[in-house]
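Subject: Structure for you to look at

Hello,

Here is the structure I promised to pass on, with my notes following it. Please read them with the model open beside you.

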Amino acid sequence: MLGVMRRSARLQHARGLGTHDHVCWAYTGMAEFKTRAAEFLADGLDAGCRVRYIRPGTVGDIAEDLRELAGWSEALRDGRAEVVSLTDLYGPDAVLDPSGQVQAYAEATARAVADGFRGLRVAVDCTSLVSDATRLAAFARYEHLIDRYMAGHPFSALCGYDRSAVEAGALAQLACLHPCTDARAAGFRLYAPLSDSHTVALAGDLDLATREVLAPTLERFEVKPEDGELILDATGVEFIDHVGLTRLADWAAVRDADLVIRTQWPGIDRVIRLLDISNVRAEQLL
């Protein structure tokens, strides 16, 4: 059974994830994507969710991808599983409407719950939707918005990207908007927390390797300070360098807010003191 939780991790597989989880999986070859999609959707079926499998191609070919999954054909017949052609949804040059796509999934999730399911779970090959800079920007915006929706609703998703087709820098921008990634992903993850006591959650490292990705990622985040503060759940942080902390402080300052960093990383107080940043304070968690 899928628990009420939100996992943040680098994963070796796509099993054991919950009803609010959001995974970026950069795959090498369609066989890998199909394997991870099968793991993810099988768990969803076992937990009583409606599941949906989406990629480019014909509906018949898409349905065949998972034919070896136990109970797949029956689930397609009785409505517990659905397949959707991305080719039919979007033309070759279409740019995703981020808010419109979130609304579409919200409506589909509501229908699933009304039909007696625990929620909606989807596995999508998103590669074709990030094929140029304009489409990438729109889709990254969508990834942020849908992640916020997932944190409060029974909707979970595995987003697949073909490593051979998506440039490494673009892939890094997309991966960091997910609480879970495949184990090969590096850097940080910035995402919506499950708890209302935090504004945003951060995991991983903010260091030299992530500097170019952090700034555009922060720009995509729409957050509202509470009582003049942005509360950062940084329990998953392993390291923050001076540039990363400065950018976080500037991000809060633009919103006329102080930044409260809740973390177990022992080095945070020293970096704050060295930089003498007035709008940042740390709360050390045991």
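Before the findings, one term: a polar contact is a pair of N or O atoms within 3.5 Å, where, within protein, one must be able to donate a hydrogen and the other to accept it, and where residues adjacent in sequence count only if both atoms are side-chain atoms. At the start of helix 7, a side-chain oxygen of E167 comes to within 2.9 Å of the backbone nitrogen of G169; helices here are DSSP runs of H or I with at least four residues, strands are runs of E with at least two, and both are numbered from the N terminus.

This is a predicted model, in which local features need pLDDT of at least 70 and side-chain atom pairs count only at pLDDT 80 or more, while totals for chains, interfaces and linings use all residues. Residues are numbered from 1 along each chain as its sequence is written, and side-chain values use heavy atoms, with hydrogens and water left out.

Helix 7 covers residues 168-175, and its buried residues (under 20% relative accessible area, with exposed over 50% and partly exposed in between, for a 1.4 Å probe and protein chains only) are A170, L171, Q173, L174 and A175. Among the elements that cover these buried residues are strand 2 (22-27), helix 6 (133-152) and helix 8 (211-220), where contact means heavy atoms within 4.5 Å.

G71 sits in the loop between helix 2 (59-65) and helix 3 (72-78), and G71 counts as partly exposed because its relative accessibility is 38%. From C-alpha to C-alpha, G71 and E167 are 36 Å apart in space, and they are 96 residues apart in sequence.

Best wishes
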